[in-house]
Amino acid sequence: METRQRSISGIYRGAPFHWVGDGFRVTNYFPSGTDFGPKISPYILLDYHAPHVYPPTESQHRGVGPHPHRGFETVTLAFEGSIAHHDSIGNGGVIGPGDVQWMTAASGILHKEYHSTEFARTGGTMHMMQIWVNLPKAHKMDPPRYQPIVASQMGQVELPNGGGWVRVIAGSYQGAKGPAVTFTPINMFDILLEPQGRIDLSFPAHENTAVAVLKGDVKINGATSAAALDFVLFENDGQDFSVEAQTETHLLLLNGEPIHEPAVQYGPFVMNTKQEIREAIEDFNSGKFGHLDD
Ligand code: MN
């Protein structure tokens with residue numbers, strides 16, 4: 001089958017930086033920066049914490065205290081710094097540069113997200129991202145699950161001519177597989193391009209696709225420029241596209257098969273109907289999400 005080039009739908013900036021708790025200074029690309037709705041499904045939220053230097057502190061709680069989630073997954077990517085996580089089903093851990101924690105909230109969980117004790121004590125640069133991945137209706141009430149994924153588990157592909165590398169968090173790239181187990185088909189790649197490095201990507205046209213430029217300057221399809229903090233959303237009119245780096249570049253690629261179901265978000269809950277949101281609030285208020293100490 002002949003393939004054709006995938007064109008750019010738009011290039012977007014996130015909403016103004018805001019604080020999540022006292023530990024995460026993020027810009028929201030969607031849904032509050034821009035509500036891409038079904039064009040970015042199965043992804044429902046992207047908060048990007050650009051590099052920010054924190055002074056040392058004795059506080060063990062720099063971040064966000066216990067709070068609930070239901071109906072989706074939170075995916076936390078650490079690029080620099082280190083983040084600790086604990087949840088009401090007893091999972092916890094610390095992730096550092098290159099690591100990912102993939103938490104399936106599904107039927108409901110409480111968790112807290114802090115700078116790790118060590119990082120808080122020394123201070124330093126924090127650079128991370130959190131992505132929310134929607135679950136299909138059939139799995140929204142599954143038991144919660146936690147996947148700690150360290151950088152060394154990820155499939156890694158060197159690009160031709162020393163052009164850089166691709167680390168596969170989920171899905172696959174040129175035979176290298178990502179360790180994340182997902183409920184719907186997803187490709188999530190962490191990509192580093194050297195100056196003049198180039199990556200060619202191809203996904204079925206019906207799959208939603210976007211590239212977040214975290215660092216550097218790129219040319220897409222040989223024509224359109226994008227730079228750090230740009231979020232490039234593609235159309236569903238073709239398969240192939242290329243990204244060429246002008247300077248050293250860091251990208252995050254998001255691709256996935258859209259979930260064709262209604263989505264209703266209320267704060268930390270994402271369900272299919274308003275009634276299910278009311279049930280989530282009631283279940284949370286009556287303690288059905290379990291318990292988690294501060
Ligand atoms: Mn959370």
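**A chat about the fold**

Guide: Among contacts in the protein (heavy atoms within 4.5 Å) between residues at least 6 apart in sequence, 73% join residues at least 24 apart. This is a predicted model, where local features need pLDDT of at least 70 and side-chain atom pairs count only at pLDDT 80 or more, while totals for chains, interfaces and linings use all residues. Residues are numbered from 1 along each chain as its sequence is written, and side-chain values use heavy atoms, with hydrogens and water left out.

Visitor: How many helices and strands are there?
Guide: The protein has two helices and 26 strands. Helices (H or I, at least four residues) and strands (E, at least two) are DSSP runs, numbered from the N terminus.

Visitor: And what radius of gyration does the protein have?
Guide: The protein has 19 Å, which agrees with the value near 19 Å for a compact globule of 294 residues. That radius is taken over C-alpha atoms, and the globule rule is 2.2 Å times the number of residues to the power 0.38. Along the principal axes, the C-alpha atoms fill a box of roughly 55 × 45 × 35 Å.

Visitor: What percentage of the residues count as buried?
Guide: Of the 294 residues, 54% count as buried. Buried means under 20% relative accessible area, exposed means over 50%, and partly exposed is in between (1.4 Å probe, protein chains only).

Visitor: Let's switch to the metal. Which residues coordinate the manganese ion?
Guide: His-67, His-69 and His-111 each use NE2, and Glu-113 uses OE, at 2.1 to 2.5 Å. Donors are N, O and S atoms within 2.8 Å of the metal (3.2 Å for Na, K and Ca); water is not among the atoms, so sites may look incomplete.

Visitor: What spacing do the donors follow along the chain?
Guide: The spacing is H-x1-H-x41-H-x1-E. His-67 lies in strand S5 (residues 63-69) and Glu-113 in strand S10 (residues 109-115), so this pair ties together parts that are 46 residues apart in sequence.

Visitor: Is His-67 buried or exposed?
Guide: His-67 is buried, with a relative accessible area of 17%. Glu-113 also counts as buried, at 9% relative accessibility.

Visitor: Okay, domains. Where are the bounds of domain 1 and domain 2?
Guide: Domain 1 covers 15-152 and domain 2 covers 154-261; such bounds come from an automatic or database domain assignment. Their C-alpha centres lie 21 Å apart.

Visitor: How many residues of domain 1 are in contact with domain 2?
Guide: 36 residues of domain 1 are in contact with 33 residues of domain 2.

Visitor: Which residues touch the most other members in the largest nonpolar core?
Guide: Trp-102, Met-129, Ile-131, Met-188 and Phe-231 do, in a core of 30 residues. Strand S4 (residues 43-54) gives the most to this core, with four residues. Domain 1 and domain 2 both give residues to this core, so the core lies between them. By nonpolar core I mean a set of buried Ala, Val, Leu, Ile, Met, Phe, Trp, Tyr and Cys residues joined through side-chain atoms within 4.5 Å.

Visitor: What is Met-129 in contact with?
Guide: Leaving aside its neighbours within four places in sequence, Met-129 is in contact with residues including Leu-46, Tyr-48, Val-75, Leu-77, Phe-79, Leu-214 and Leu-252. There is also a second, separate core of 24 residues, which includes Val-157, Tyr-173, Leu-193 and Val-243.

Visitor: New topic: where are Pro-31 and Pro-42?
Guide: Pro-31 lies in the loop between strand S3 (24-30) and S4, and Pro-42 is found in the loop between S3 and S4 too. The peptide bond from Phe-30 to Pro-31 is cis, with omega near 5°. A cis bond also joins Ser-41 and Pro-42, with omega about 15°.

Visitor: And what is the phi of Ala-106?
Guide: Ala-106 has a positive phi of about 45°, although this residue is not a glycine. Its place is in the loop between strand S9 (100-104) and S10, and Ala-106 counts as buried at 0% relative accessibility.

Visitor: What about Asn-221, where is that?
Guide: Asn-221 sits in the loop between strand S20 (217-220) and strand S21 (224-227). Its phi is near 50°, a positive value in a residue other than glycine, and Asn-221 counts as buried at 18% relative accessibility.
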